[in-house]
Amino acid sequence: MDHAATHVRWATIEDAEDLVRLNREFNGGYRAVEQVQASIESNRELVALACLDDTVVGFACAQWFSSFCYDHPYGEITEMYVQEHARRKGLAAGMISLLEEGLRERGVRSVKLLTGLTNERAIQVYQNSGYQKERELLLSKRF
C-alpha cells in the first residue's frame, strides 16, 4: 500500500531543474534552467507543483489576460502534467484549486483550458473540478 504524502505548492526558482525534467517528459521540450528561473521570476505565469513526499512529480500553469473588451481579466490553465506513477492521488485537482486561488487573487472571474478531445482522463479531472465542455473550435497557426 502506498503511503506517500502528497501536496501541492507554488514553484520557486529553486524548482527550475525539476520543471525542466518534467517539461521534457511532458512534451519533449527543452528549456534551460536559467530560462525557467527567469520565467518564474517574471511573475507573468502561475506555476503549481505536485509533490509526492519531497519529489516534484507534476506541474500545472495558468496565465491571466486583460482586455479593454471586458470588465475583468480572464484566466487560462495552459499546461498540466503529472507523472504516471503519481496519478489518481488528487494531485491534478489540487493544482487546479491552487491555480484557481491564484487567479481569483488577480481578479479573474472565469477560466478556460484546452485539452485533447480524446484525453478522457484529463477531461474527467477537469469536469470533477467544475469545468464544462463548450462548443468552441480552436484554430492555430505556426509562424
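E45 is partly exposed, with a relative accessible area of 22%; here buried means under 20% relative accessible area, exposed over 50%, and partly exposed in between, for a 1.4 Å probe and protein chains only. The model is predicted, so local features need pLDDT of at least 70 and side-chain atom pairs count only at pLDDT 80 or more, while totals for chains, interfaces and linings use all residues. Residues are numbered from 1 along each chain as its sequence is written, and side-chain values use heavy atoms, with hydrogens and water left out.

## E45 and other individual residues

E45 is placed in the loop between α2 (33-42) and β2 (46-52). Helices (H or I, at least four residues) and strands (E, at least two) are DSSP runs, numbered from the N terminus. Leaving aside neighbours within four places in sequence, E45 is in contact with S39, C61, A62, Q63, W64 and T78; contact means heavy atoms within 4.5 Å. A62 stands 17 residues from E45 along the chain, and the C-alpha atoms of the two are separated by 5.9 Å.

N23 belongs to helix α1 (residues 16-27). Is N23 buried or exposed? N23 counts as buried, because its relative accessibility is 18%. Residues up to four places away in sequence are not counted, and N23 then touches G28, G29, Y30, R31 and F59.

Two further residues lie in loops and have a positive phi. D53 is found between β2 and β3 (55-65), and the phi of D53 is near 55°, a positive value in a residue other than glycine. D53 is partly exposed, with a relative accessible area of 41%. R88 sits in the loop between β4 and α3 and has a positive phi of about 70° although it is not a glycine. At 79% relative accessibility, R88 counts as exposed.

## The sheet

Strands of a sheet pair through backbone hydrogen bonds, either parallel or antiparallel. In this model, five strands form an open sheet in the order β1-β2-β3-β4-β5, and the pairing is mixed. Two strands pair if DSSP finds at least two bridges between them. β1 (6-10) and β5 stand at the edges with a single partner strand each, so one side of each is left without a neighbour in the sheet. Neighbouring strands of this sheet are turned by 25° against each other on average, direction ignored. For such angles, axes are lines fitted to C-alpha atoms, for helices over the stretch in contact, and angles run from 0 to 180 degrees between N-to-C directions.

| Strand pair | Sense | Bridges |
|---|---|---|
| β2 and β3 | antiparallel | seven bridges |
| β3 and β4 | antiparallel | eight bridges |
| β4 and β5 | parallel | three bridges |

L49 stands opposite F59 in β3, and A60 stands opposite M80 in β4. The bridge partner of G75 is V111, in β5. β2 and β3 form a hairpin with two residues between them, and D53, with its positive phi of about 55°, is in the turn.

Pockets are found on a 1 Å grid over the protein atoms alone: a cavity is a set of points where a 1.4 Å probe fits but cannot get out, whereas a pocket is an open set with protein on both sides within 12 Å along at least five of seven lines, and lining residues have an atom within 4 Å of a point. Grid points are joined across faces, edges and corners, and a volume is the space filled by probe spheres set on the points.

The largest pocket holds about 880 Å³ of space. Its lining consists of 21 residues, of which L113, L114, T115, K133 and E134 lie nearest the centre. β5 (111-113) and α4 (120-128) each supply at least two lining residues, and α4 gives the most, with four residues. Which classes of residue make up this lining? The lining divides into nine nonpolar, six polar and six charged residues. Ala, Val, Leu, Ile, Met, Phe, Trp, Tyr, Cys and Pro count as nonpolar, Asp, Glu, Lys and Arg as charged, and the others, Gly among them, as polar.

The second largest pocket has a volume of about 610 Å³. It is lined by 25 residues, and M80, A92, R121, A122 and V125 lie nearest its centre. The elements that give two or more residues to this lining are β4 (74-82), α3 (91-105) and α4. By class, the lining of the second largest pocket has 13 nonpolar, seven polar and five charged residues.
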